[in-house]
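Please load the model in your viewer and keep the sequence panel open beside it. We will stop at a helix pair, a strand residue and a few backbone spots.

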Amino acid sequence: NNIIFTEIVHNRTVSGIVHTALTLANVQGGPDTIIPQALAALTELELLPVPAPRAQFLSMKDGAAEVQVEFWYSRTYPDLTLRAIGLLRAAFPDATISTIKAA
């Protein structure tokens, strides 16, 4: 509810824009290396320039990080989620990757 009342809400499904968010768990390293590496892995995808893909450090537990990666693409392309998971798996082979939302 806080987002609805305090931020501008964009209905991107009407405009043909798809949003996907993935969580990477059990990632080794710190935010300064993980986040640029995750964003670099997505450069092979046909993503929209605005909004740009983003990665956010969520937590660190027992030396393993959890990171959320979000990206947007045009509905004119096939679903890029599986391809993104493959690229992230290549960059982070020990990570557990899960989709947390896609619209």
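A crossing of two helices is called left-handed if the near helix is turned anticlockwise from the far one by less than a right angle, and right-handed if it is turned clockwise. Helices (H or I, at least four residues) and strands (E, at least two) are DSSP runs, numbered from the N terminus.

Before selecting anything, note that this is a predicted model, in which local features need pLDDT of at least 70 and side-chain atom pairs count only at pLDDT 80 or more, while totals for chains, interfaces and linings use all residues. Residues are numbered from 1 along each chain as its sequence is written, and side-chain values use heavy atoms, with hydrogens and water left out.

**The whole chain**

Start with a cartoon view. The protein chain has 3 helices and 4 strands, in the order α-β-α-β-β-α-β from the N terminus. Now show the surface: its accessible area is about 6300 Å² (Shrake-Rupley method, 1.4 Å probe), and carbon and sulfur atoms account for 56% of it. Of the 103 residues, 37% are buried; buried means under 20% relative accessible area, exposed over 50%, and partly exposed in between (1.4 Å probe, protein chains only). Take contacts (heavy atoms within 4.5 Å) between residues at least 6 apart in sequence: 72% of them join residues at least 24 apart.

**The helix pair**

Next, select residues 31–41, helix α2, together with residues 81–91, helix α3. How do they pack? Their axes, lines fitted to C-alpha atoms over the stretch in contact, lie 9 Å apart at an angle of about 135°, on a scale from 0 to 180 degrees between N-to-C directions. That angle makes α2 oblique to α3, since angles under 35 degrees count as roughly parallel, over 145 as roughly antiparallel, 65 to 115 as roughly perpendicular and the rest as oblique. The crossing of α2 past α3 is right-handed.

Show side chains here: Gln37, Ala38 and Ala41 of α2 meet Leu87, Leu88 and Ala91 of α3. These contact residues comprise 5 nonpolar, 1 polar and no charged. In this count, Ala, Val, Leu, Ile, Met, Phe, Trp, Tyr, Cys and Pro are nonpolar, Asp, Glu, Lys and Arg are charged, and the others, Gly among them, are polar.

**Gln68**

Move to strand β3, residues 64–74, and pick Gln68. Is Gln68 buried or exposed? Its relative accessible area is 14%, so Gln68 is buried. Leaving aside residues up to four places away in sequence, Gln68 touches Ala21, Leu22, Thr23, Arg54, Ala55, Gln56, Leu58 and Ile100.

**Backbone stops**

Most residues other than glycine have a negative phi, and most peptide bonds are trans. With that in mind, select Val50 and Pro51: the peptide bond between them is cis, with omega near -5°. Pro51 sits in the loop between α2 and β2 (54–61).

Asn26 has a positive phi, near 65°. Find Asn26 in strand β1, residues 17–28, where it is partly exposed at 38% relative accessible area.

Asp62 also has a positive phi, near 55°. Look for Asp62 in the loop between β2 and β3; with a relative accessible area of 77%, it is exposed.

**Last stop**

Finish at Asp79, in the loop between β3 and α3. Its relative accessibility is 57%, so Asp79 counts as exposed.
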